[in-house]
Amino acid sequence: RSRIVLADSRATRDDLIRVVGVDPQKIAVVYPGLDPELARVENSAEIDRVCARYNITHRYLLHIGTVQPRKNLQRLIAAFARVADQIPHQLVLAGKAGWLAAPIHDAIAHLPPALQQRIVLPGFTADEDKAALLSGATALLYPSLYEGFGFPVVEAQRCGVPVLCADSSSLPEVAGTGALLIDPYDEEALAAGIVRIINDDVLRDRLIATGEKNLV
């Protein structure tokens with residue numbers, strides 16, 4: 001009965017049309033804004049302080065979001081396990097536990113103990129720590145199966161962090177050319193993408209630069 005429906009991405013608009021049958025003429029795409037206070041943290045002492053708060057002790061790859069199936073974390077954990085012997089990083093899965101989180105925790109519990117210790121689940125992280133947490137990461141990994149928008153992608157771009165994300169739903173639209181896109185259902189491609197975004201300095205520099213332009 002509404003006169004207008006606001007969608008936060010073209011992907012969400014298309015889903016409203018396809019799944020719900022909303023009249024396309026009444027849908028307006030309005031992208032959400034970023035916190036104007038969010039910016040890259042250059043102070044290494046501040047990054048170290050925030051990392052210590054969340055038990056991060058080494059270089060790390062970061063995922064931010066509720067621990068739930070839609071975030072594709074079981075596949076991310078498996079991809080990380082594939083390449084863990086090639087990289088020195090921890091995998092930090094920051095976010096509170098959501099519905100059906102138990103299988104994700106089980107996936108970690110079935111890994112060798114040494115590898116379990118390299119996966120950090122700090123739970124809920126405070127908003128005031130987000131900029132430092134992002135700025136200290138080697139990359140943001142965001143292989144979600146579905147997103148209506150995907151705030152962590154643009155937040156990472158704002159903080160000058162290279163992004164690896166899924167090539168599905170809203171994420172290509174939101175990331176623009178400022179992310180390495182992978183098939184979220186392809187564990188091997190995800191594993192290869194992790195290694196590449198860590199080791200390919202030319203790619204990293206390009207993603208950081210294009211990510212910054214994406215926000216203009």
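How many helices and strands does the secondary structure of the protein come to? I began my notebook with that, and the tally is ten helices and eight strands. A reminder to myself: this is a predicted model.

**Entry 1: overall build**

I looked up the radius of gyration next. For the protein it is 17 Å, close to the 17 Å that the globule rule gives for 216 residues, so the protein is as compact as a globular protein of that length. I also noted the span of the C-alpha trace along its principal axes, which is about 55 × 35 × 30 Å. Of the 216 residues, 49% are buried. The accessible surface comes to about 10,700 Å², and carbon and sulfur atoms hold 52% of that. Then I turned to contacts with a sequence separation of 6 or more: 68% of them join residues 24 or more positions apart.

**Entry 2: the nonpolar cores**

Which residues touch the most other members of the largest nonpolar core? I found Tyr 60, Leu 62, Leu 133, Val 153 and Cys 165, in a core of 34 residues. I then asked which elements supply it. At least two residues each come from H2, strand S3 (60-64), strand S4 (90-94), helix H6 (130-135), S6, H7, strand S7 (163-166) and helix H8 (171-175). H6 gives the most, with four residues.

I stayed with Cys 165 for a moment. Setting aside its neighbours within four places in sequence, Cys 165 is in contact with Tyr 142, Val 153, Leu 171, Ala 175, Ala 179, Leu 180, Leu 181 and Ile 182. Another core lies apart from the largest one; it has 31 residues, among them Val 67, Leu 73, Val 83 and Ile 104.

**Entry 3: cysteines**

How many disulfides does the structure hold? I count zero. Cys 165 is buried, with a relative accessible area of 0%. The closest cysteine sulfur to that of Cys 165 is in Cys 159, 16 Å away, which is too far for a bond. I checked Cys 51 as well, and Cys 159 again has the closest cysteine sulfur, at 13 Å, too far for a bond. Cys 51 is buried too, at 8% relative accessible area.

**Entry 4: aromatic rings**

I went looking for ring pairs and found two aromatic pairs. In the pair of Tyr 31 and Phe 149, the ring centres are 6.3 Å apart and the planes are at 50°, so the pair is tilted. Where do these two residues lie? Tyr 31 is in the loop between strand S2 (27-29) and helix H2 (44-53), while Phe 149 is in the loop between strand S6 (139-142) and helix H7 (151-158), so the pair ties together parts that are 118 residues apart in sequence.

Is Phe 149 buried or exposed? I have it as buried, with a relative accessible area of 9%. Tyr 31 is partly exposed, at 41%. The other pair is Phe 149 with Phe 151: the centres are 5.1 Å apart and the planes are at 55°, so this pair is tilted. Phe 151 counts as partly exposed at 34% relative accessibility. I recorded Tyr 31, Phe 149 and Phe 151 as a cluster linked by ring pairs.

**Entry 5: Val 29**

I picked out Val 29, which lies in strand S2. Val 29 is partly exposed, with a relative accessible area of 29%. Leaving out neighbours within four places in sequence, I find Val 29 in contact with Ala 7, Asp 8, Ser 9, Arg 10 and Arg 13. I also looked at His 58: Val 29 and His 58 are 29 residues apart in sequence, and their C-alpha atoms are 40 Å apart in space.

**Entry 6: positive phi**

Most residues other than glycine have a negative phi. Phi of Asn 72 is near 65°. Asn 72 sits in the loop between S3 and helix H3 (73-83), and this residue is buried, with a relative accessible area of 4%. Phi of Ser 169 is near 50°. I traced Ser 169 to the loop between S7 and H8, and Ser 169 is partly exposed, at 27% relative accessible area.

Notes
Residues are numbered from 1 along each chain as its sequence is written. This is a predicted model: local features need pLDDT of at least 70, side-chain atom pairs count only at pLDDT 80 or more; totals for chains, interfaces and linings use all residues. Side-chain values use heavy atoms; hydrogens and water are left out. Rings of Phe, Tyr and Trp (its six-membered ring) pair if their centres lie within 6.5 Å; planes under 30 degrees apart count as stacked, over 60 as edge-to-face and the rest as tilted. Buried means under 20% relative accessible area, exposed over 50%, partly exposed in between (1.4 Å probe, protein chains only). A nonpolar core is a set of buried Ala, Val, Leu, Ile, Met, Phe, Trp, Tyr and Cys residues joined through side-chain atoms within 4.5 Å. Contact means heavy atoms within 4.5 Å. The radius of gyration is taken over C-alpha atoms; the globule rule is 2.2 Å times the number of residues to the power 0.38. Accessible areas come from the Shrake-Rupley method with a 1.4 Å probe; for residues, only the protein chains shown count as cover. A disulfide is a pair of cysteine sulfur atoms within 2.5 Å.
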